[in-house]
Amino acid sequence: MAVIAGVDEAGRGPLAGPVAAAAVILPENHKIIGLSDSKKLSAKRRAILYDDIFDAAIDVGIGIVDVDEIDKTNILNATQKAMYKALGTLKTKPDKALIDGYALPKQIIPNEGIIAGDDKIDCIRAASIIAKVFRDRILMQYDIIFPEYGFASHKGYGTQFHLQQLQEFKATPIHRKSFKPVQENLPTITWLKSKRRIGQWGERLAALEYYKNDYKIIALNHHCAPYGEIDIIAENEDEIVFVEVKTAAGKTLGGVEDQVDEVKLQRLSNAIDKYIMDNEIYKDIRLDVYAVRLGKKGPVMKHFMGIELE
């Protein structure tokens, strides 16, 4: 029997976030019930099917292309690249790929475009669900980092609320600068200073770096009364990281010893102890400091890992 992979994408139209694609090879006699175009399913049903597909599939590949690549090329090329990546991550080489929409050019694997394939063919339906859920979970993390934009609800699409928030708060680093509504609302250092958001901007840039390095973002600006605020809390399988971020615009930050003195370090230590007790944390812990300098040529970031707690 020929090995067939279904391929679909999610996130071609939004103003923010990456474009994602999935390639799914299903057994011919799979028992998954309820496969459909992901857009026709509720978020709860998609989440259930996401797990069912991973359990039943012969293989699943996922490809992600971020906003920098989207802006550098264009959304069509970025979407095709995400599909190439998804097919390339499959451990089982398919004999043929069925693509939702149009065939992929310059693809080694023979492929065929199926218009409205996510409404007709199970392996494409499965790919549409995997791509959608995977991308939505990325935007849920972005919602923690940029809570005022509503990414958890609209997933980066240009809703009226999103456009309103974009005008008020300007574009973030995860917005697509090549899209017109974003081009018209790019922040400047002068604007950040006028709104007193220099520190906030640095914290969010640092949080994005942790996310890019496979940390889950737990919280930003978590208040631990009476000791103050922890700028970022992130975790991976092995440890929880507490992060202090120091940001300046147009000047060079001093060394970490100038940014976190003994008094600040003691307050951080007390705040972390309180968070650990309140949340019954049993993982290893680490304190990091990020120094961020904002300039016309982009941010310069220095990461100090494993600051010793008092």
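**Exercise 1. The enclosed space**

Task: State which residues line the largest cavity of this predicted model, and determine how its lining divides by class.

Solution. Step 1: The lining of the largest cavity consists of Glu-148, Tyr-149, Phe-169, Trp-191, Leu-192, Arg-197, Gln-200, Trp-201 and Arg-204.

Step 1: Sorted by class, these residues comprise five nonpolar, one polar and three charged.

Step 2: Turning to secondary structure, at least two lining residues come from each of α8 and α9. Helix α9 supplies the largest share, namely three residues.

Step 3: The volume of the largest cavity is about 60 Å³. The structure holds one cavity of 30 Å³ or more.

**Exercise 2. A residue in helix α6**

Task: Determine whether Gln-165 is buried or exposed, and identify the backbone atom that its side chain reaches.

Solution. Step 1: Gln-165 belongs to helix α6, which spans residues 160-169.

Step 1: The relative accessible area of Gln-165 is 11%. Because a residue counts as buried under 20%, Gln-165 is buried.

Step 2: At 2.9 Å, the side chain of Gln-165 reaches the backbone oxygen of Glu-148.

Step 3: When neighbours within four places in sequence are set aside, the contacts of Gln-165 are Glu-148, Tyr-149 and Lys-170.

**Exercise 3. The open space**

Task: Describe the largest pocket by its volume, the residues closest to its centre and the elements that line it.

Solution. Step 1: The space in the largest pocket amounts to about 1,100 Å³.

Step 1: The pocket is lined by 42 residues, of which Val-67, Pro-173, Ile-174, Leu-208 and Lys-212 are the closest to its centre.

Step 2: Two or more lining residues come from each of β3 (59-65), α2 (67-72), α3 (75-88), α4 (122-145), α8 (189-194) and α9 (198-212). Helix α9 gives the most, with six residues.

Step 3: By class, the lining of the largest pocket holds 23 nonpolar, six polar and 13 charged residues.

**Exercise 4. Strand β4 and its partners**

Task: Explain why strand β4 is described as largely enclosed, and name the strands joined to it by bridges.

Solution. Step 1: Strand β4 covers residues 96-100, and four of its five residues are buried, so β4 is largely enclosed by the rest of the structure.

Step 1: Strand β1 (residues 4-10) runs parallel to β4 and is joined to it by four bridges. Within this pairing, Ala-97 of β4 stands opposite Ala-5.

Step 2: Strand β5 (residues 111-114) is likewise parallel to β4, with four bridges between them. Here Ile-99 has Gly-113 in β5 as its bridge partner.

**Exercise 5. The chain as a whole**

Key. Residues numbered from 1 in each chain as written. Predicted model: local features only at pLDDT ≥ 70, side-chain atom pairs only at ≥ 80, totals over all residues. Heavy atoms only, no water. 1 Å grid on protein atoms, 1.4 Å probe; cavity = no way out; pocket = protein on both sides within 12 Å on 5 of 7 lines; lining within 4 Å. Points joined across faces, edges and corners; volume = space filled by probe spheres on them. Nonpolar A, V, L, I, M, F, W, Y, C, P; charged D, E, K, R; others polar. Buried < 20%, exposed > 50% of the residue type's maximum accessible area, 1.4 Å probe, protein only. Polar contact = N/O pair within 3.5 Å; in protein donor to acceptor, adjacent residues only side chain to side chain. Contact = heavy atoms within 4.5 Å. Pairing = 2+ DSSP bridges.
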